[in-house]
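Work through the exercises below with the sequence and the 3D view open. Try each task before reading its solution.

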Amino acid sequence: MKKKILPIIALVFAFIVLLTNSTNIAVAENGEKCLKIYGSATSTLTPDQAEICAEIETLDIDKVKSKDDNFEIFQSIIDALGEEKEKLTLKNFTSYASFDYANGKTLLGYYSITNFALKLDDVSSVQSYVDLLTENGATVKNINYSLSNYDEEYNKTLLLAVENAKEKASALGADSLEIKEIKEENSYSSNYLYRTYFEGSLDYDVTGEIVVCAKVIVEFK
């Protein structure tokens, strides 16, 4: 008999924990009881913009040649872009000496590094631009996806979070209560990059998606 009671107690305890994490009963200064319910929603969206972040790295024992080689590669990329060079933004340029400390601080040469970004309004062209950059001597570091109408999509997700809180209130039998206040919690968005490599080929398909999350606290009275 005792063995049957333990699972029931555990189930009830788990329900209480779940309820506590999503609801909170508070008492205002005027003695009025308030029911606070947490609501959340997530939207997975297809991006319409992308930013390719890349760099050019050169090494030479001659500091000036290292810099000149770097700028030459950068110019070749600008020439390859043609009219699309307006999409390119130079982030920074650095140059420093590199030493081999295992052999008495032997000078290996001078590194020159140029970091830049390419902003695209057509995500379907990402792969062709990645190929253009790598074929001309650059290394692609990462690809960031974004939405041109992010604020609009976030507001839609925010409304879904409020609806989620209302659904929880309905499940608790409190859907007849009046909404007193809605507070927006800290939210976030993230982007994901997927590369699918085709078997037996160096070609790849690049796609991405944006995940938008919104959280609210809805106070009922």
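**Exercise 1: The whole chain**

Residues 24 or more positions apart account for 71% of the protein's contacts with a separation of 6 or more. This is a predicted model.

Task: State how many helices and strands the protein has, and in which pattern they follow each other.

Solution. Step 1: count the elements, which gives four helices and nine strands. Step 2: read along the sequence, where the pattern is α-β-β-β-α-β-β-α-β-α-β-β-β. Of the 221 residues, 31% are buried.

**Exercise 2: A pair of strands**

Task: Describe how β4 and β5 are joined.

Solution. Step 1: find β4 at residues 88-100 and β5 at residues 106-120. Step 2: note the direction; the two strands run antiparallel, with twelve bridges joining them. Step 3: pick one bridge, such as that of Phe99, whose partner in β5 is Leu107. Step 4: look at the turn. The strands form a hairpin with five residues between them, and Gly104 in this turn has a positive phi of about 70°.

**Exercise 3: One serine**

Task: Decide whether Ser125 is buried or exposed, and find a polar atom close to its side chain.

Solution. Step 1: locate Ser125 in the loop between β5 and α3 (126-135). Step 2: compare its relative accessible area of 14% with the cut-off for buried, which is under 20%. Ser125 is therefore buried. Step 3: check its side chain, where a polar atom lies 2.7 Å from the backbone oxygen of Asp122.

Key. Residues are numbered from 1 along each chain as its sequence is written. This is a predicted model: local features need pLDDT of at least 70, side-chain atom pairs count only at pLDDT 80 or more; totals for chains, interfaces and linings use all residues. Side-chain values use heavy atoms; hydrogens and water are left out. Buried means under 20% relative accessible area, exposed over 50%, partly exposed in between (1.4 Å probe, protein chains only). A polar contact is a pair of N or O atoms within 3.5 Å; within protein, one must be able to donate a hydrogen and the other to accept it, and residues adjacent in sequence count only if both atoms are side-chain atoms. Two strands pair if DSSP finds at least two bridges between them. Contact means heavy atoms within 4.5 Å.
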